[in-house]
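Trainee: I would like to learn how to read a model like this one. Can we take a few features in turn?

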Amino acid sequence: MTPFTQHTGLVAPLDRANVDTDQIIPKQFLKSIRRTGFGANLFDEWRYLDRGEPGMDNSRRPLNPEFVLNQPRYQGASILLARRNFGCGSSREHAPWAISEYGFRALIAPSFADIFFSNCFKNGVLPIVLGEDEVDALFAEVLATPGYTLAIDLAPQTVTTPAGRVIRFEVDPFRKECLLNGWDDIGLTLRHADKIRAFEAERLKRYPWLAKQPAA
């Protein structure tokens with residue numbers, strides 16, 4: 001998993017509350033568990049004017065010019081500003097996979113659905129919870145300022161606006177450590193690889209029959 005330490009990026013405003021995971025990545029794209037290939041279908045039903053299906057050439061599909069991510073001023077955005085209860089609905093991990101592969105490194109909203117919130121940390125995406133008034137102010141600034149960027153620094157837990165205003169956010173210490181070091185669940189386990197190998201070697205000494213292959 002790619003560590004998250006500091007990130008400065010263009011902000012895209014998604015001014016909708018209760019965005020669920022089927023809107024983030026529709027159900028017809030959940031056939032793969034490879035963690036890749038989902039970015040092109042992020043918010044598929046909103047980005048395109050036709051119905052998307054796996055295997056389609058997205059470069060040939062008609063785009064919805066009204067959708068925020070299709071607007072020229074937000075091309076290359078890597079921070080998504082959203083409204084309350086973002087990521088509600090089913091617990092599909094494909095949602096943060098799609099968000100990450102599209103290019104978003106951080107999400108800012110007043111609240112997130114619990115499972116989605118946890119899945120973001122496990123996939124290198126930082127979900128930042130700020131108060132409703134603060135999010136309202138950011139929406140106003142983003143809409144009024146083409147090219148609006150934010151600077152996020154995870155260690156001191158700060159978001160800095162172009163005007164230099166510093167906004168602090170809270171984050172669980174364990175999740176913060178994992179993001180700073182790029183540890184997903186597998187990475188956490190591999191930190192104890194030497195102990196695991198030693199345990200397996202000792203176990204085979206005590207129970208050598210475990211190493212035998214079953215007869216064909």
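Trainee: How many charges are there, and how far apart are the mean positions of the positive and negative ones?
Mentor: Keep in mind that this is a predicted model. The protein chain has 26 positive and 26 negative charges, and their mean positions lie 7 Å apart.

Trainee: What are the overall dimensions along the principal axes?
Mentor: The C-alpha trace spans about 70 × 45 × 25 Å. The accessible surface is about 11,700 Å², with 53% of it on carbon and sulfur atoms. Of the 216 residues, 44% count as buried.

Trainee: How many helices and strands does the protein chain have?
Mentor: There are 8 helices and 7 strands. Among contacts with a separation of 6 or more, 65% join residues 24 or more positions apart.

Trainee: Which residues of α4 are buried?
Mentor: First the general idea. An α-helix has 3.6 residues a turn, so residues three or four places apart point the same way. Now the case here. Helix α4 covers residues 114-122, and Phe116, Phe117, Ser118, Asn119, Cys120 and Phe121 are buried.

Trainee: What covers the buried residues of α4?
Mentor: The cover includes helices α1 (21-24), α3 (94-102) and α6 (173-181), along with strands β3 (106-109) and β4 (126-129). Just after α4, glycine 124 has a positive phi of about 80°.

Trainee: Do β3 and β4 run parallel or antiparallel?
Mentor: They run parallel, joined by 4 bridges. The chain passes from β3 through α4 to β4, a right-handed β-α-β crossover.

Trainee: Which residue stands opposite alanine 106?
Mentor: Leucine 126 in β4.

Methods: Residues numbered from 1 in each chain as written. Predicted model: local features only at pLDDT ≥ 70, side-chain atom pairs only at ≥ 80, totals over all residues. Heavy atoms only, no water. Buried < 20%, exposed > 50% of the residue type's maximum accessible area, 1.4 Å probe, protein only. Helix = DSSP H or I, 4+ residues; strand = E, 2+ residues; numbered from the N terminus. Contact = heavy atoms within 4.5 Å. Areas by Shrake-Rupley, 256 points an atom, 1.4 Å probe, with all protein chains shown as cover. Lys, Arg positive; Asp, Glu negative; His and termini not counted. Charge placed at Lys NZ, Arg CZ, Asp CG, Glu CD. Pairing = 2+ DSSP bridges. Right-handed = clockwise from strand over helix to strand, strands pointing away.
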